[in-house]
Amino acid sequence: MTNAPLEPRSGNPANPVRSHNPNPFNRPFHARLPTILLTTESNMSRACSTSCRYPDSAALTETFRVRRPAVAILATVIPLPAFAQAQLLIENATVCLDGRRIVENADVLIRGDRIAAVATDLDPRGRVTRIDATGAFITPGLIDAWGATAMRTTPSGGSPDQLAFDAFDRYDAEAFRAAFAGGVTSLYISAASGPGIGGIGSVVRLAPGDGPSAGDVLLRDAALCIDMGSAQSPTARIRTFHAVRKALKDAIAYRDSLDEYAHDLEAYEKKLAERAKANDKKDAGKPDQPPGAQPERPPQPASDQTGKKPEEELKKPAEPRRNRQAEVLLRAIDREIPVRFRADRDADIINALTLADEFNLRAVIEGGAEAHLVAADLAERNVPVVLDHAGEHSRAIPRRRADALAILTDAGVTARVASGDASPRFLLRSIQRAGSPDALAHCTADAAAFLNVADSIGSLRQGRYADLVIWSGDPREPGARVRRVYVSGQLMWQSDGEGGGS
Amino acid sequence: MRRLTLQFAAVLAAATAAVAQERVIIASRTLMPDGSLVPGKAVVVTNGRISRLADAAEFDDRADVFRTDGVLSPGLIDCLSDIGARGHTASRIASVDPEPMAHEALDPHAQEVAEALRQGVTTLMLAPEPTSLIGGRCSVVRTRPYPHGRAEVLRTDAGQTLNMGEWAFSASREPSSRAGAMFMLRDLYDRVRRGERLPLIEKMYAGGPCIARCELGQDVSAVLRLFSGKRTSPVIVHSRDLVDVASEIAAFESMLIVGPISFNAGRRELAGIARAADTGVVIGFSAWGDPDADSLRRTAAAAADAGMTPDAARRALTSDAARIIGLHGTLGSIAPGQSADLVVFSHDPLRPDSRPLAVWVAGELVHAHTGNEAEELVDHLWNGGAK
């Protein structure tokens with residue numbers, strides 16, 4: 001049994017590990033094999049000396065152990081599914097499964113990019129990279145129910161068929177770092193970038209990988225984004241309301257025209273078929289006619305050769321021009337996707353609710369600096385609110401309140417706290433400050449449920465993405481710091497104090 | 001006559017009892033002068049002062065003790081504030097205007113003063129706005145309501161303000177630039193040395209307290225150089241470039257005021273605060289210009305997350321802040337002899353979800369949060385615990 005640290009600490013700890021990953025276990029199995037079996041003396045001593053540089057007992061140390069070398073070698077010949085993926089075991093930590101349930105002294109086993117198990121005293125077979133996390137606290141990666149991390153926003157205004165994800169800069173390492181420093185690994189990004197209909201918002205993971213796979217879209221069509229223009233002048237806000245209303249009405253008109261077309265087309269085809277049938281009967285005596293050509297025969301616009309009375313002219317109905325914008329709006333009108341109204345002032349929130357009532361939309365209020373003033377209206381319609389508690393833009397609104405979350409919750413409104421336009425660095429702190437009784441659940445399991453992605457993220461359960469954060473202690477307590485962030489089972493970030501190299 | 005004498009005696013006895021009454025508060029944890037939170041402490045308050053700090057066990061069989069699950073902290077201190085005096089404290093015309101005292105502009109009835117008190121901020125150092133190069137003096141005031149509409153001023157000459165930054169420069173008068181500002185400051189020093197009568201400037205250069213607000217890191221360096229070799233170092237007010245100048249501040253043994261830090265602060269600013277804390281500089285926090293009532297504690301929470309130790313962050317809210325405002329022996333710590341400016345928080349004051357439950361100033365209960373625990377608390381303190 002070999003017991004040697006294999007992973008030499010290298011690279012800049014402040015950089016998300018992306019382009020070059022020093023951990024051989026993150027590469028496909030066959031590519032890793034030579035490294036594993038040919039771990040040289042010098043390699044091992046180098047690794048040892050590296051870890052010796054950090055005598056702090058609290059520092060995480062990684063060791064690699066081949067538990068059953070024979071099995072490991074066998075696995076190279078016959079790749080079994082269990083062995084085909086890299087295994088990472090984070091040991092002896094306090095693990096918070098979903099923001100509420102906390103397991104002391106537990107191990108988290110990651111296989112590939114997924115959570116394989118969370119339990120005490122796990123002892124998986126095969127090759128395992130072990131991380132001793134004694135004293136540390138592990139949570140699922142935090143989820144920001146509305147963020148702007150790595151968003152390169154378009155200039156003011158948008159179109160319903162624009163995608164927020166297209167403005168997401170997956171190479172913005174600085175923005176990724178700020179998110180990881182706050183323990184955030186996933187967020188909802190909005191497409192609203194000015195008054196009016198902005199486009200489709202998405203849920204993204206700050207996932208690893210080279211090139212296009214980095215920044216994983218978890219849910220591309222998460223919501224239709226409409227900005228009610230709370231930051232604008234009153235005239236502009238009125239104009240926005242009417243423009244949005246008109247666009248929704250036009251979408252319905254578009255569907256009506258499509259329905260009409262479908263109806264007309266059906267009638268046309270019916271008539272066509274009838275006529276073809278009639279012609280068939282007429283032409284029945286002519287044996288020379290090839291069969292099969294007849295149904296395709298176009299209707300004769302002019303009088304028949306027989307010299308009979310000309311038939312009524314059959315005109316194919318014109319297909320309406322495809323309107324992609326309207327198609328998106330129709331998905332919202334059909335309640336297929338929710339509509340996120342960005343509205344801070346009470347009047348704008350009421351306007352948003354008016355639109356939701358009129359078009360039967362699944363409304364969500366985003367911003368909501370004055371939502372507490374219209375809490376009863378929101379509760380009555382069961383419309384949730386996403387507050388941006390640290391956001392700078394809503395600070396200009398005088399009637400916002402620090403205890404808005406409590407007021408809304410007491411009124412029966414589902415209220416979420418997110419970072420909004422602010423940095424996600426203090427997401428958890430903002431949620432605590434807003435007075436959420438379950439701050440951790442608020443930005444893990446509850447946020448995942450709210451964004452409709454609970455089957456992929458937000459809890460440390462088998463099969464979920466291995467997106468997790470190792471904190472120096474309970475993150476709810478002051479001074480707790482993010483030590484490491486794993487996304488899809490890969491180390492994305494570690495704090496400077498981790499001794500992660502130069 | 002006899003009846004009257006009896007009545008008088010009764011009143012006297014009651015008054016004496018009230019004055020000498022010992023009140024005991026036992027919180028689940030108590031914030032010590034070193035910034036740590038220690039369980040099992042009893043704080044004994046007599047005549048508006050903390051008379052002693054005892055073991056909680058000593059009071060096990062006493063019923064007239066207030067016990068709480070919260071955390072007992074000294075009243076928080078905002079080291080540089082414009083609360084209650086926004087927009088009224090400085091000239092925009094004169095570049096050297098050392099006379100005004102900030103408390104004279106204070107409106108003690110301002111909503112935000114009461115709000116600060118409810119948030120546990122019992123003491124403020126009010127500073128003039130930074131619109132003059134040398135611009136007025138800071139005053140230390142309490143936030144509690146005071147009779148006759150006056151502010152309760154603890155210190156009137158808490159620091160001469162020196163403002164290095166765009167705020168103090170103007171196109172229409174001197175100085176219009178950093179270079180011009182430095183020229184003026186050196187010129188003032190020379191004039192004082194030549195015997196010109198500029199008492200406040202003389203005092204500032206001769207070791208009087210000085211609060212230097214610096215916009216950029218280079219302003220910090222310039223101010224420190226200006227005072228090098230003189231009898232004192234100014235208190236530096238700066239947050240932006242501490243990554244670069246923290247060690248310089250430490251080398252000059254200056255004290256430092258940072259903040260407000262928002263939850264939207266950048267990585268560089270946060271890293272700078274961590275670095276300053278690492279150097280061991282005495283740090284206090286400021287909520288200058290911040291509209292949030294809990295700004296001071298939010299700043300402390302952000303600093304602790306950035307890497308300042310929680311103990312140091314708690315000191316920066318209390319005892320270290322008292323050092324900066326020059327009242328270290330009087331308030332800011334839970335220690336015998338200190339003014340009983342106390343706050344019970346629901347949790348560690350650094351936790352953003354912690355709420356102030358009760359606030360005392362000089363032993364007087366000035367705010368109690370509505371809620372069961374606080375009501376019980378009011379009962380204990382106003383009725384002496386004798387139900």
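Analyst: Contact here means heavy atoms within 4.5 Å. Helices (H or I, at least four residues) and strands (E, at least two) are DSSP runs, numbered from the N terminus. This is a predicted model, in which local features need pLDDT of at least 70 and side-chain atom pairs count only at pLDDT 80 or more, whereas totals for chains, interfaces and linings use all residues. Residues are numbered from 1 along each chain as its sequence is written, chains are lettered from A and ligands numbered from 1 in the order in which they are written, and side-chain values use heavy atoms, with hydrogens and water left out.

User: Which residues of helix 6 of chain A meet helix 8 of chain A?

Analyst: From helix 6 of chain A they are A:Arg237, A:Phe241, A:Val244, A:Arg245, A:Leu248, A:Lys249 and A:Ile252. Their partners in helix 8 of chain A include A:Asp348, A:Leu355 and A:Phe359.

User: At what angle do helix 6 and helix 8 of chain A pack?

Analyst: Helix 6 (residues 234-283) and helix 8 (residues 346-359) of chain A pack at about 10°, and their axes are 11 Å apart. Axes are lines fitted to C-alpha atoms, for helices over the stretch in contact, and angles run from 0 to 180 degrees between N-to-C directions.

User: Turning to the chains, how many residues does the contact take from chain B and from chain A?

Analyst: Chain B gives 22 residues and chain A gives 22 residues. About 2100 Å² is buried between the two chains, 48% of it on carbon and sulfur atoms; buried area is the accessible area (1.4 Å probe) that two parts lose on being put together, summed over both.

User: How many salt bridges cross the interface of chain B and chain A?

Analyst: Six are found there, a salt bridge being a side-chain nitrogen of Lys or Arg within 4 Å of a carboxyl oxygen of Asp or Glu. A:Glu174 and B:Arg267 form a salt bridge at 3.1 Å, N to O. Helix 8 of chain B gives the most to the side of chain B that touches chain A, with five residues.

User: What about A:Glu477 and B:Arg351?

Analyst: A:Glu477 forms a salt bridge with B:Arg351, the closest N and O atoms being 2.7 Å apart. A:Glu477 lies in the loop between strand 16 (468-471) and strand 17 (482-487) of chain A, and B:Arg351 in the loop between strand 15 (342-345) and strand 16 (356-361) of chain B, so the pair joins two chains.

User: On the backbone, is the peptide bond from B:Glu174 to B:Pro175 cis or trans?

Analyst: That bond is cis, with omega near -15°, and B:Pro175 is in the loop between strand 10 (152-164) and helix 3 (178-193) of chain B. The bond from B:Gly259 to B:Pro260 is cis, with omega near -5°.
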